Each structure stands twice: as C-alpha cells, then as structure tokens.
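Colleague: I am new to this structure and would like a close look at one part of it, with the rest described around that part. Please keep it plain.

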Amino acid sequence: MPMKTKGTMSRRSFMKLSAAAAATTVGSSSRILYALVSEKQGTQPNQLRDQFSACDMCFNKCGLIARVEDGVVKKLDPNPKSLKSRGMLCARGNAGVRQLYDPDRLKYPLLRKGQRGEGRWQRLSWEQALDHAAEQMERIGQKYTRCGFLFMAGTDMQSTFVHHFAEVYGSYNVISHESNCLLSRNRAFLDTYGVVPTPDIIHSKHVIMPGANRFEALVTPDSIDLMTAMQNGCKLVVLDPRFTKTAALADEWFAIKPGTDMAFFLAVAQVLISENLYDQKFVAEKTSGFEELRTHVQPYTPEWAAGETEIPAKDIRRLARELAAAAPTAMVYPGRRSSDYKDSTQIRRSFAIVNALLGNWDQKGGLILPKKIKTGSISHDPPFYEDNPDDRVDAGRAQMMFDEEGSFKHTRDAVIEGKPYPIKGWLTYKTNPMQTGANRNKTIEMIHKLDFMVTVDIAMSDTAWMADLVLPAPSYLERQDPVSAFLASSACSGVLTRDPVVPALFESKPVFWIVKELAKRLDLAEYFDFTIEDFRKAQLKKLPEVAKALKNDGVYNLVGHSHGIHEGKPFKTRSKKIELYNSRYAENGINPLPVYRPPQAVPENHFRIVVGRNAYITQSASTNNTLLWELEHENCLWIHPVPAKRLGIQNEKLVEVQSAVGKGWLKARVTEDTRPDTVYMDTGFGVISEGLSKIFGKGACIADVLEDHADRISGNMAMHETFVTVSKI
Amino acid sequence: MLKRIGSVLIILFFVFAAIGIVMAADKGNARKGKYLFRKNCRTCHCEDGSAKPLSPIDKTQAQWDEVFKSIDKLSCTKEWAKLSEKDRNDMYAHLWGHAFDSPSPAKCK
C-alpha cells in the first residue's frame with residue numbers, strides 16, 4: 001500500500017517487530033514490543049499489572065482481564081466475575097491482543113489522492129483531516145440539507161456518540177449494521193410479544209434451533225449455556241441445510257430444505273392445536289387471535305409440510321409432541337441473524353407463535369425478558385433544521401421499517417437513485433458494509449454517487465479502502481468508553497465499561513474525540529460540552545453500587561430477576577396480549593398470520609448460496625487478525641459430492657461461483673456437510689483492500705456474489721435468495 | 001375498454017395519493033414533533049423536573065389519542081394554548097408514532 005511513512009514507524013519495520021513479537025508473545029520477555037510503547041512506560045522493567053476490560057472482537061462484550069507486562073499487553077484472560085460470558089473467552093477474544101498490535105492498523109489520517117479504491121493516499125495531520133471533513137459536512141449540509149449526509153455506526157460502545165452527533169448535525173439518515181443482521185427477528189417478536197425476549201437456554205429441556213448455529217456463531221451466554229443445558233439433559237434439535245458444529249453436537253439434525261422453516265413451524269402449530277397439546281390456560285389468558293390461528297393452521301398438516309421441508313411427517317409430528325411434553329421448559333430458539341428471506345419477519349413470526357402456544361413466556365427454560373439496568377444520560381436538546389425533508393431517505397420502502405434503524409439495502413438504493421432526495425456524504429464508524437452488505441458492486445455504485453465519504457476504523461477495511469478520508473481509531477484496549485448496560489439471559493442483567501489498558505498507539509483517536517472536534521468546527525460545540533468521564537458520571541449518578549462493582553470486579557451483575565417478573569403486566573401490544581393474530585398487520589395490508597409462500601425453486605444447474613459463521617471469524621473484522629488467520633487462511637466453497645462429481649469439481653481445486661450480480665474464485669470443499677442444492681462460503685475474504693495484508697488476494701467475497709433482496713416487512717437484507725452456478729476453473 | 005380501465009386506475013391513483021397526503025398531514029411531522037416535545041415538554045417532564053419524566057412509551061397509542069382529545073384538561077393546558085395547531089400535530093405524530101404499543105417504540109435514553 002503506497003502510504004507515506006515519514007515521522008512514524010515504517011510498515012516494514014513494524015512487520016519485523018510484530019513477527020518477532022508473535023514468536024515471543026507468551027512466556028518470554030518480548031523486548032521487541034517495547035518499540036511500540038512510549039518511553040515513559042518502558043522505564044521500569046518487569047512491572048506487572050492486570051486490568052479489567054470487555055472484549056470487542058465481536059458484539060458480545062465478554063469480560064476479560066488484560067495481563068500487562070512493562071506496558072505491553074501480553075495476554076487476555078477471561079474475567080471470572082463476568083456472568084454473561086460464564087467466565088470464558090473464545091478464540092477470537094484471546095486474539096484481541098493481535099488487534100492491538102496489528103501491523104496493518106491505520107496509523108494516521110489519510111486522504112485519498114487517486115481514484116476511489118485505487119489505494120493512493122496522502123498523510124494528513126489531524127487538524128487538516130478534521131478541517132477537511134468539517135468543510136465537506138458544512139458544504140453538503142448547505143447544498144443538500146443536513147439529511148444529505150448519511151451516518152452508519154457499528155455495534156460499539158462509542159457508537160452512541162456518532163448517533164448523538166448525527167442528531168445535532170441534523171440528519172435522520174442513520175443506519176446501523178442491524179439491517180444486515182437481525183431486524184426481521186426483532187420485528188417478528190416485537191409484533192407478537194411487544195418486546196424482543198431472550199431465550200433462557202440454560203434451564204431449557206428441549207430446544208428446536210432453526211437455522212441458528214450457536215456453537216459456532218457465538219452468543220454469550222447462549223452458546224455456553226446450551227452446552228450446559230445439554231449436559232443437564234436438554235434435547236437439541238437442529239434444522240439447518242448445513243451440518244454445522246451445532247448440528248454435529250445436536251441430538252437430532254434435519255437438513256431442512258432452505259426457505260421452508262415456516263412450513264415446519266406452521267405444521268408444529270397445527271399438531272399442538274389439533275391434538276390439544278398447547279398450553280390452554282396460557283393461551284386463553286395471555287394471547288389474542290387464537291381462533292383465527294386455529295383456522296389458519298388447519299391445512300398446514302405435517303404431511304403437507306413434509307413435501308415442503310423434506311422432513312418426514314412422522315418426525316414433524318413427533319418433534320411437536322416432544323416439544324409440548326417438555327413445555328414450558330421448551331422453546332423454538334428465536335435466533336439472531338435473520339437476514340435471509342423476503343419473508344423473514346413472517347418466518348420468525350411462526351417461531352414466536354409456537355413459543356406462545358408452549359406457554360413458555362417469563363418461565364424458566366422459555367423466553368424471558370429480564371429487567372435491564374437503567375443508566376442515566378446527559379440530556380441535550382438538538383437543534384431542528386427547518387429545511388430538512390420530512391423523513392428518512394429510505395422511508396416507505398419497506399412495510400414496517402424500524403424508524404431508528406432504517407435499512408442499509410433500501411438506503412443504498414435511495415442513494416443510487418437520488419430519490420426522494422440526494423445523499424452526498426457518508427460517515428462510517430467500525431462497520432464494513434462493503435463486506436457485510438449483499439451485492440458489493442451496488443455498494444461501490446453507491447459510494448461513487450457521493451461527494452464525500454469518511455471512515456473511522458482500526459484497520460483499512462474494504463469500506464475504508466473506498467473512502468475519501470480515513471481516520472484511525474484505537475482498539476478497545478486503548479480507549480475509555482461509556483458504561484453499557486446489557487442483558488444476559490437468566491445469568492444476569494449487567495453493566496460494563498472500558499478504560500485504556502495501554503495508551504493509544506500511533507495517532508489513533510477515539511470516535512468520541514473525532515465527533516467532538518467536528519462539532520467544534522461546525523459550531524455545534526455546545527452539544528458536546530462533556531468528557532466521557534462526565535458522561536459516565538451521569539450514567540452512574542443513581543447507581544453507586546454499579547460504579548463500585550466496575551472498579552472492583554470489572555463488571556456489575558444483577559442476578560435473580562429473570563423469571564415470573566411480568567406476571568399481571570400487560571404486553572406492549574395493541575391488545576395488551578401476545579398477538580398470534582396481528583391486527584396492525586391486517587390494517588397495513590400484511591398477512592396478520594404467517595402465510596406460507598414456498599421458496600423459489602433452485603433453477604437447474606444452480607445452487608442456493610447461504611450465509612453462516614464459524615467460531616473464529618467475526619465477519620470481516622477478524623479474518624486479517626494474525627492469530628486467527630492461522631486457523632483460516634482463505635475461505636472455500638462447500639459443495640456436496642454429487643453435484644461436484646457432475647461438474648468435475650475436485651476438493652481443494654479452484655472453482656468459480658457466479659450469481660446474477662457478481663462472481664468469485666475460491667477453492668472447493670467437497671463435503672456432505674451441505675445439501676446437494678446448497679453451497680456455502682465464509683464471510684470476510686476476497687477483500688479489495690490492500691491494507692489487509694494477510695488476506696488480500698485470498699478467497700472470494702460472499703457480498704460480491706449475493707444479490708440484494710429485502711425482507712418485505714422490516715427491510716432487513718435477505719441474503720438466502722441468491723442462486724449461483726459453480727464451475728471448475 | 002383498456003383506455004377506460006387506464007383512466008379509472010389513474011383517477012384511483014390520485015384519489016389514494018390525495019388520501020395519503022391528507023392522512024400524513026393529519027399526523028404531522030414526527031421529526032419536528034420530537035424537537036418540539038423536547039423543547040416544550042421536557043423542560044418540566046424530566047429527571048428532577050417539576051413534572052414526572054415523560055416519554056412516548058409511557059402511553060399507548062389509544063392513550064395518546066385521549067390526551068390530545070382533552071388537552072384542556074391537562075394541568076399544563078396554558079402552555080399548550082401557546083402552541084400552534086401544526087406544532088401540536090407534529091408532537092402528536094412523534095408521541096403516537098413511538099408509543100408503548102407502536103411498531104417503533106421510543107428507545108429509552
């Protein structure tokens with residue numbers, strides 16, 4: 001990457017240092033890492049200290065203790081006081097130290113000099129970079145209104161400041177990563193229960209897990225609790241077109257035909273109702289629309305569902321009966337990522353409805369909603385910009401979009417079309433839609449419509465690579481964050497925070513500082529008249545016990561407020577009950593009960609491509625991590641031996657995978673771990689950024705191949721609606 | 001025949017479009033309403049304020065309907081009298097649109 005290196009450590013010498021450091025990380029004294037540590041810190045050798053923090057290698061925020069020797073973070077250990085993570089830290093968590101000491105980190109502000117994506121950069125001082133960004137924001141705001149600037153922040157404890165900045169700057173166009181992930185699930189459960197409950201896995205005796213891969217796509221405490229529950233006799237049934245690690249450890253695995261989960265659960269509902277196996281008292285007292293549901297599911301028999309799902313009718317009937325026998329300590333696992341089909345919200349509604357029939361709400365082993373600890377805040381009254389349009393740029397493109405989340409897919413379309421109004425600026429923070437948003441070419445097209453794009457991140461992601469201005473952020477081990485309240489199933493409700501374990505390397509600056517500096521330049525300083533310390537004090541003003549626990553234990557856990565806490569309280573729905581039948585849907589022209597629509601048939605000589613995770617990759621944020629890279633150098637295409645033989649494809653040989661929107665080359669993994677009609681590849685490879693030195697040129701990018709469809713109701717990206725051809729090279 | 005169907009469809013389109021505009025106008029501008037709510041209500045309805053903290057999720061959509069039907073019965077009715085009809089509509093759009101049982105309940109802040 002042609003970057004200037006004057007005044008700082010060159011990339012080459014950094015690589016040398018890091019390579020040496022890698023060899024000496026554990027056990028021996030890694031003298032070489034002193035090169036990265038300020039002189040003040042390094043003067044007294046053999047100084048050891050431990051410091052609490054919370055992991056940021058994915059969204060889970062597991063508690064950890066950083067072991068620091070002579071100012072160098074040597075090792076990360078799990079914090080045994082962290083009930084959410086059950087005192088554990090996964091492979092990615094352990095590799096966090098390599099995010100800190102990553103030779104590929106962004107070191108100083110960079111301004112694009114060549115064409116977008118060409119990789120020619122000019123080093124700027126922070127003053128120059130911030131002045132330039134503020135000028136662009138002012139200009140775009142003047143010319144296109146403040147809503148002409150788009151903001152997108154990832155799941156991060158400082159993202160709240162990006163949202164605050166967007167609000168005072170005056171743009172409603174704020175999106176998160178969530179519309180590429182879990183909004184369909186949230187929509188479905190909110191529209192059924194009035195809240196998004198969390199599964200109490202550890203107490204469950206029977207779990208049907210459709211699509212989710214909890215032993216690889218880790219969620220704490222669910223992943224750990226599922227193992228504990230199984231050791232205590234919980235039965236796990238997995239429905240997945242792939243033989244995942246979760247499927248491998250399950251009691252039963254069914255390679256369900258992709259896109260037919262709703263058929264399965266409508267049939268389960270039909271069995272529960274027709275055989276009077278549902279919780280009649282619960283349904284009578286706590287739900288509305290049961291009679292409509294009873295009529296609705298009559299035709300959805302297991303025999304009918306067998307033809308759709310390719311799961312035998314006798315098994316569907318048996319599984320429904322077993323589920324009912326274990327109720328209420330039984331559940332259909334709600335899942336997390338639900339960005340799969342155009343009907344995703346309705347598919348998840350069918351999960352929610354079966355859970356309601358089991359009467360597992362607010363019960364041990366069912367769906368629960370512990371009380372979240374309410375932290376304080378600093379309140380400001382943002383200004384209003386009279387010339388702004390009335391609504392978000394993506395408004396009206398989905399039937400019931402979340403106002404505060406929006407939709408990446410629909411926003412991108414709106415930017416490309418310039419309708420209903422132009423968007424000409426974009427700020428991204430720690431999110432990488434170039435890798436996570438289906439149809440990468442469209443993201444590139446969107447970026448080319450912009451006058452100015454600024455990215456704040458730790459490394460040169462593909463999104464940063466396309467930006468006009470790139471600003472270096474510190475890793476989570478180098479910065480002070482606000483406190484963050486969390487829910488951890490029945491383990492606890494809690495609060496955590498982060499303080500710098502070591503000073504920020506290079507010229508990296510936290511996004512809080514960046515938006516505060518931008519606010520100063522945009523005459524909005526009055527809305528950022530506080531420090532993170534002030535913000536935290538306001539958050540903990542009425543919670544002195546939390547402040548004490550954070551200091552002593554690195555985390556605050558509130559235990560024992562998980563079950564039976566909603567008895568007698570109304571549900572947050574129109575009927576104040578669980579809405580099996582959703583009257584608001586009916587009024588908005590949406591089917592008030594989930595109506596099954598068969599997935600589009602896989603065309604001849606094509607495959608459906610599906611998205612998934614393994615336990616050592618967090619999408620694109622960790623594939624270039626030097627430690628995790630040791631576990632996976634490149635992705636490969638899972639393809640079943642029967643079609644592989646027909647196509648002359650051999651294991652580990654290169655293939656081309658092509659859809660209507662893009663293509664990629666990668667090695668084949670010929671395996672029976674996927675259905676003959678389904679192929680799969682990991683996310684986070686096939687990067688265009690030459691700033692990701694370990695993985696540049698390796699594997700293929702799934703976002704390049706996926707077509708961009710959307711869930712009709714929520715606007716969530718629908719990533720399992722793409723058909724591809726596969727051919728040998 | 002086809003022409004006639006086309007004309008009917010065009011007329012229907014404009015009728016529905018007009019209805020849509022009227023409905024939108026009735027509900028007001030929720031974005032402006034959020035600003036106005038903060039400016040006019042939050043001064044008292046806040047932590048340590050003279051009135052109970054208030055957020056859109058403190059009431060259902062039906063309850064907000066009731067509040068706006070009988071503003072003259074509120075203890076702060078004099079303050080409401082200072083607001084224009086449009087400002088009231090905008091605030092209603094915000095509060096109703098992010099109510100307890102709405103599709104986009106306001107997030108606690």
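How many residues of domain 1 of chain A are in contact with domain 2 of chain A?

Modeller: Some ground rules come first. This is a predicted model, in which local features need pLDDT of at least 70 and side-chain atom pairs count only at pLDDT 80 or more, while totals for chains, interfaces and linings use all residues. Residues are numbered from 1 along each chain as its sequence is written, and chains are lettered from A and ligands numbered from 1 in the order in which they are written.

In domain 1 of chain A, 18 residues are in contact with 23 residues of domain 2 of chain A. Two residues are in contact if their C-beta atoms, placed from the backbone, lie within 7 Å. Domain 1 of chain A covers 198-367 + 564-587, and domain 2 covers 607-728; such bounds come from an automatic or database domain assignment. The C-alpha centres of these two domains of chain A are 29 Å apart. On the side of domain 1 of chain A that touches domain 2 of chain A there are 7 nonpolar, 7 polar and 4 charged residues. Here Ala, Val, Leu, Ile, Met, Phe, Trp, Tyr, Cys and Pro count as nonpolar, Asp, Glu, Lys and Arg as charged, and the others, Gly among them, as polar.

One local feature has a number inside the range 198-367 of domain 1 of chain A: a cis peptide bond joins A327(A) and P328(A), with omega about 5°. P328(A) sits in the loop between α14 (313-326) and β13 (330-332) of chain A. Helices (H or I, at least four residues) and strands (E, at least two) are DSSP runs, numbered from the N terminus.

Another cis peptide bond runs from K419(A) to P420(A), with omega near 5°. P420(A) lies in the loop between α16 and β15 (425-429) of chain A. Helix α16 (residues 408-417) of chain A packs against helix α18 (residues 440-448) of chain A at an angle of about 45°, with the axes 9 Å apart. Axes are lines fitted to C-alpha atoms, for helices over the stretch in contact, and angles run from 0 to 180 degrees between N-to-C directions. The two helices, α16(A) and α18(A), are therefore oblique to each other; angles under 35 degrees count as roughly parallel, over 145 as roughly antiparallel, 65 to 115 as roughly perpendicular and the rest as oblique. From α16(A), the contact takes R412(A), V415(A) and I416(A), and from α18(A) it takes K442(A), T443(A), E445(A) and M446(A). Sorted by class, this contact has 3 nonpolar, 1 polar and 3 charged residues.

K61(A) has a positive phi of about 55° although it is not a glycine. K61(A) is in the loop between β1 (48-54) and β2 (63-69) of chain A, and counts as buried because it has 27 C-beta neighbours inside 10 Å. D523(A) is not a glycine either, and its phi is positive at about 65°. It belongs to the loop between α20 (511-521) and α21 (532-539) of chain A, and it counts as exposed because it has 9 C-beta neighbours inside 10 Å. A residue is buried if 20 or more other C-beta atoms lie within 10 Å of its own, exposed if 12 or fewer, and partly exposed in between, with C-beta atoms placed from the backbone.

That leaves chain B, which has 5 helices and 0 strands. Of the 109 residues in chain B, 27% are buried.
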